[in-house]
Amino acid sequence: MARDTESRVDNTSELGWFRETNERIMSEPRIELVQLANGDIALRRSDNPDEPLVTITISDQVQDLLPMDKIDIAQSMVEAGIERYRDIQLERVEQQEIAVATGMLH
């Protein structure tokens with residue numbers, strides 16, 4: 001019986017952390033991918049729709065070649081960019097760790 005109480009306390013603690021984290025995440029501006037009136041795709045913050053972070057123009061020629069919606073094409077492009085950025089950052093961290101381990105700091 002005591003174990004049930006202990007696990008309930010742990011769950012309550014985890015639930016509190018989850019609620020705090022969820023509230024923080026929900027209060028942060030969202031990034032959204034939208035199609036603009038001119039047909040371009042924009043990546044923008046939801047709290048600042050007038051200033052896109054990135055604008056993607058997909059030509060009619062490319063659109064004809066790819067059997068996908070413009071938003072899907074743009075989403076794939078953004079995801080690939082994010083993955084590449086993450087890979088570059090990981091490579092830099094690994095290089096720094098090697099430099100520290102070998103004593104060869106620049």
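1. Arg 44 is buried, its relative accessible area being 17%, where buried stands for under 20%, exposed for over 50% and partly exposed for what lies in between (1.4 Å probe, protein chains only). Its salt-bridge partner is Glu 32, with N and O 2.9 Å apart; the term requires a side-chain nitrogen of Lys or Arg within 4 Å of a carboxyl oxygen of Asp or Glu. Because Glu 32 belongs to strand β1 and Arg 44 to strand β2, the pair ties together parts that are 12 residues apart in sequence. Glu 32, at 27% relative accessible area, is partly exposed.

2. The model is a predicted one, in which local features need pLDDT of at least 70 and side-chain atom pairs count only at pLDDT 80 or more, whereas totals for chains, interfaces and linings use all residues. Residues are numbered from 1 along each chain as its sequence is written, and side-chain values use heavy atoms, with hydrogens and water left out.

3. Glu 32 and Arg 44 are also bridge partners between the strands. Strands β1 (residues 31–35) and β2 (residues 41–45) run antiparallel and are joined by five bridges; strands here are DSSP runs (E, at least two residues) and helices likewise (H or I, at least four), numbered from the N terminus, and two strands pair if DSSP finds at least two bridges between them. Five residues separate the strands of this hairpin, in which Gly 39 takes a positive phi near 95 degrees.

4. The open sheet has three strands, in the order β1-β2-β3, with antiparallel pairing. Since β1 and β3 (54–56) stand at the edges with a single partner strand each, one side of each is left without a neighbour in the sheet. Three bridges connect β2 and β3, and Ala 42 is found opposite Thr 55 in β3.

5. Four salt bridges are present in the structure. Among them, Arg 45 meets Asp 47 at 3.1 Å, N to O, Arg 45 being partly exposed at 35% relative accessibility and Asp 47 partly exposed at 49%. Another joins Arg 86 to Asp 87, with the closest N and O atoms 3.0 Å apart; Arg 86 counts as partly exposed at 45% relative accessibility, as does Asp 87 at 29%.

6. Met 68, in the loop between α2 (60–65) and α3 (70–102), is partly exposed at 34% relative accessibility.
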